[in-house]
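User: Hi! Could you walk me through this model, one question at a time?

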Amino acid sequence: MDEPTAGAKPASASRVGLAIITEPGQANSFGTIHGGVLLRLADECGAVSAMRHAGPGQVTTAAIDSMMFLGPVYVGERVEIVAEVSWVGRTSIETRIDIYAEPYDRPERRHVAIGYAVYVALEETARRPRPVPPLRVETEADRVRLEEGNARQTQRLARRAARGKMPSDHS
Ligand SMILES: CC(C)(COP(=O)(O)OP(=O)(O)OC[C@H]1O[C@@H](n2cnc3c(N)ncnc32)[C@H](O)[C@@H]1OP(=O)(O)O)[C@@H](O)C(=O)NCCC(=O)NCCS
């Protein structure tokens with residue numbers, strides 16, 4: 001199945017990977033890597049993926065959600081983060097982010113986290129949201145992925161709307 005749309009880009013064009021060797025300074029006192037360290041790398045990788053899709057210019061992180069940590073990462077392990085666009089709105093881009101870990105001396109790669117982040121492409125001067133290319137749908141799997149992304153974005157926007165009704169911040 002192919003639904004051609006002018007300027008649409010396939011998800012594969014935005015796939016990026018980032019790999020690091022973890023260090024003691026990134027760990028807690030139990031010798032495992034802080035979730036926040038992995039979140040930062042995930043955000044950076046997701047942003048690069050979104051920029052690949054959006055084309056030249058800035059993107060900003062609008063939301064990081066449903067990041068699930070599936071297992072610990074130990075000091076000295078090689079961490080690989082892979083991000084790819086999974087849904088696209090008018091100015092917003094969702095990326096799926098997967099994190100893997102493996103001991104530096106053995107090829108035993110583990111899937112340690114999965115999550116989604118949304119980026120918004122911005123105009124250079126006014127920092128207003130700017131339109132991005134649509135995501136190309138070529139297969140049934142692409143169509144399903146887009147529908148799932150739509151559902152996640154609907155939930156996010158509902159949460160954002162509910163946030164406006166919460167009691168004022170403690171600041
Ligand atoms: C993200 C941001 C640019 C959105 O600006 P805005 O004035 O709310 O603009 P809009 O309401 O027109 O939203 C623009 C797009 O972002 C999406 N969006 C906004 N907030 C969102 C959220 N919390 N989750 C998911 N998508 C969101 C909208 O759905 C819209 O997408 P669409 O054009 O594809 O339909 C603005 O909230 C912002 O600058 N936030 C801070 C970003 C930042 O500094 N991040 C770094 C971490 S500190």
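Predicted model: local features only at pLDDT ≥ 70, side-chain atom pairs only at ≥ 80, totals over all residues.

**Questions and answers on the fold**

User: How much of the protein chain counts as buried?
Analyst: Residues are numbered from 1 along each chain as its sequence is written. A residue is buried if 20 or more other C-beta atoms lie within 10 Å of its own, exposed if 12 or fewer, and partly exposed in between, with C-beta atoms placed from the backbone. Of the 171 residues of the protein chain, the buried share is 28%.

User: In what order do the elements of the protein chain run from the N terminus?
Analyst: Helices (H or I, at least four residues) and strands (E, at least two) are DSSP runs, numbered from the N terminus. The protein chain has two helices and five strands. Their order is β-α-β-β-β-β-α.

User: How far apart are the end C-alpha atoms of helix α1?
Analyst: Helix α1 covers residues 35-54, which makes 20 residues. The expected span is 1.5 Å times one less than the number of residues, so α1 should span 28 Å. The model agrees, with its end C-alpha atoms separated by 28 Å.

User: Which strands do the buried residues of α1 pack against?
Analyst: Among the buried residues of α1 are Leu 38, Ala 42, Gly 46 and Ala 50. Packing here rests on contacts, where two residues have C-beta atoms, placed from the backbone, within 7 Å. The partners of α1 are β1 (16-21), β2 (58-69), β3 (78-88), β4 (92-102) and β5.

User: Is Thr 125 buried or exposed?
Analyst: Thr 125 sits in the loop between β5 (110-122) and α2 (140-163). Its C-alpha atom is 16 Å from that of Ala 54, a residue 71 positions away along the chain. Because Thr 125 has 6 other C-beta atoms within 10 Å, Thr 125 is exposed.
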